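Reader: I'd like to learn how to read a few features of a fold. Could we go through them together?

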Amino acid sequence: MQERSIVKSIIYYTEFLGLKIFPLHNISEGQCTCSLGSECDPSRAGKHPRIRNWQSEASENKRKVQLWWKKWPDANIGIPTGKLNDFFVIDVDPENGGNQEYDEHLDGRLPETYSPTTGSGGRHYWFKYPDSESIEYELTNHNNFPRGIDVRANGGYVVGAPSVSLKGNYLWPDDTLTDKDDLEDCPIEIIEKYLKPEVGELVLVDSESCKEFEKLTAKEQSRIDKYVTSALKKETDRLKGLDSRHEWDNETFKTACRVLELAKAPWSPLTYEKAVRAILHSVPKPDGDGWTEQRVQQKIKSAWSRVNSHDLVRPFPKPSTFENNEEESGNGLEKTTDNSKARRESTSRIVYFEDVEAKPPEWYDKPWLPLIGLTGLAGPEDTGKSTYFVYEIAKLTTGGYGRPPIKVLYLGKEDDKGMTKARLKLAGADMSKVGYLSVTEDLDKQDTFERDVNLKNDIEILRKHVREDEIKAIYLDPANSYLGIDEEKDGYTGIRRALERLNLFAQKEEILIRAMKHTKKPNGEVLPMVSMVYGSKAWTEVIRIFPILWPVSDKTREQFDLDVDDPTNVVLLRGKNNYAPKSLPAQGLCIDSDHVMLGDDLFEDVTYMTFTKLQRITNDELEEKLAETKKETKARQGEENKTDVWLENFLKSRGKVPRRDVMEAFNKEGIATEKTLKTRARKMGIVSEPMSGGNNRAVYWSLPLEF
């Protein structure tokens, strides 16, 4: 099969085969793109999920998938196995003797089926997931195959071609799969012998599905991931230097017990399967002198029985870097000491406004950018919000607003640090006055790692650097990533409290804080601009200045009679601004692409921004545009409903009909376009059968059985 690009492959998997997929990390500059980089386990590099909860988030939805690969254009492709996609995979790994084991146990016993090549040169043999009438149990990743042959079923996934790992490229097979229903059935005797779960077997799941693990905060999940990785490495390293003739028996058993106990812990992201793999990978290779793979597997089984023979559970590891008497205060940004025995005293008084000093706000750019306080910026994806932040930072660090240059802290996650530097340099920022903040932690005095700042817990760290380094502005891109706020779990009160404390922090330290947010999808609904900021209404209640970037479409250009050569493609709208008149005109912006040379690296498609003099599009005119969108959406939905009714009635009265006759009759009705008819037919599950003697386009249409 000829090579496909990632984009074409995504379309093939989702739209053609109807498979749910999700993004994996990839290889860049010879290492994994995850936070571990070159320290990532080579067997996992470029093959583990970029997103959490991949089993529930995996999708075939065109829009959702496009957004993932727009954010990570080089991401590898993960394809969930099992019932989720109605297939499972037998994985043959030549590096662990898989080819020899396949020849001995499976060669000639499996039908020819879709079988892409893996990065290590092995094979993924895809089979239909058996129905409930064939087997009474579910297939998991657990199996009884010899080493070198593995299975991916419920709870697992495979890497799809043309992904690339450290070991090599995932290649397409010679025979293209045109329909996943064309996959072969795995012989039932193979399933019964190698895939049937053992009685009483405890099947653990990956951390993304572990309820206890999911209950942890993102910070705790990161800490536990690090702890488990460090503990597993420490245990398995004990095996690598053993004398296979004298020490292996007892030491293998004890190490297996400790590793499997770690896997059994309900808070641990380690699975039984991964624990066994780690043990098998670490023991010295069989040498014919008592140390055989069969005996090692027996030791693991004995250890698993030992671990499950008592009720002891590995305790939840406590943080070593925090005081036990400190706790997080709701969703706020500061920690408080909880001492129920302490006596609290308070005083109160009324302050009359005649004693309050009137102090009007000062501005960098009136009425958009004040000197002090918490402000916001919102907009849909790809409108240049990060670029706008970079533009402001460049002016702040060079005195571009008519004030002395200031130092800026840029907390951004949209780009890696090298790309961010390229964009700042292109915008003309003073690199000596802009930086980012990271926090280094020592995990149980064994493993040091670097993490991003979290203002929910690190407010005092931030205060220290603001004062010592004389920081005058902080940019949060995006805000949620650094505030420790979960829009779905945290309520209005918690989010408002966190924002109020951040605003108080800005006022007390006399700095500017800029918080970026996305906007909601209008879906045809006409929303006031202030209501389009995504998340709780607390955002726009606390933050007094919240402008919105909005794209200028070709239709808008035509509607407002803009010149063809006018470069404006984004406008900055008033949104919410308590310091500006409602008639504040929009500012026109132009976001283009260019190439930037930074050191020895070439960064392509780095965005930059210029202001234009255009000030024609106002909020009211934009709401008119949204109203028109709503009208168009209703009209389209009306066409789709009429098409569904017509197609159902037409096929009910005639049964099986040549598709060309359906098209001809539909065109006479003039309800909608042929494209709409084809789309609705696919949504309704219309049965398409080839006509005998016809080409591949000559087919019959008929209603599915449920009609």
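Reader: Which residues make a nonpolar surface patch of about 330 Å²?

Author: First, a word on the source: this is a predicted model, in which local features need pLDDT of at least 70 and side-chain atom pairs count only at pLDDT 80 or more, while totals for chains, interfaces and linings use all residues. Residues are numbered from 1 along each chain as its sequence is written, and side-chain values use heavy atoms, leaving out hydrogens and water. Now the idea: nonpolar side chains (Val, Leu, Ile, Met, Phe, Trp, Tyr) are joined into a patch within 5 Å, if their residues have over 30% relative accessible area and no salt bridge (a side-chain nitrogen of Lys or Arg within 4 Å of a carboxyl oxygen of Asp or Glu). Areas come from the Shrake-Rupley method with a 1.4 Å probe. Here the patch is made by Val351, Phe353 and Val356.

Reader: Where is Val356 found?

Author: Val356 sits in the loop between strand S12 (335-337) and strand S13 (363-365). Helices (H or I, at least four residues) and strands (E, at least two) are DSSP runs, numbered from the N terminus. With 44% relative accessibility, Val356 counts as partly exposed; buried means under 20% relative accessible area, exposed over 50%, and partly exposed in between (1.4 Å probe, protein chains only).

Reader: Which residues of helix H15 are buried?

Author: In H15, the buried ones are Gly494, Ile495, Ala498, Leu499, Leu502, Phe505, Ala506 and Glu509. They lie on the same side of H15, because their arc around the axis is only 130 degrees, taken from the directions from the helix axis to the C-beta atoms. Thr493, Leu504 and Lys508 are exposed on the other side of H15.

Reader: What do the buried residues of H15 pack against?

Author: Contact means heavy atoms within 4.5 Å. The partners of these buried residues include strand S15 (373-379), helix H13 (459-468) and strand S21 (512-518). Just after H15, Glu510 takes a positive phi of about 55 degrees.

Reader: And is Ile79 buried or exposed?

Author: Ile79 is buried, its relative accessible area being 0%. Its place is in strand S4 (residues 76-80). Leaving aside residues up to four places away in sequence, Ile79 touches Tyr13, Phe22, Phe87 and Trp126, among others.

Reader: How much of the whole chain is buried?

Author: Of its 707 residues, 47% count as buried. The chain has 20 helices and 28 strands.

How values were computed. Patch = residues over 30% accessible without salt bridge, like charges linked within 9 Å, V, L, I, M, F, W, Y side chains within 5 Å.
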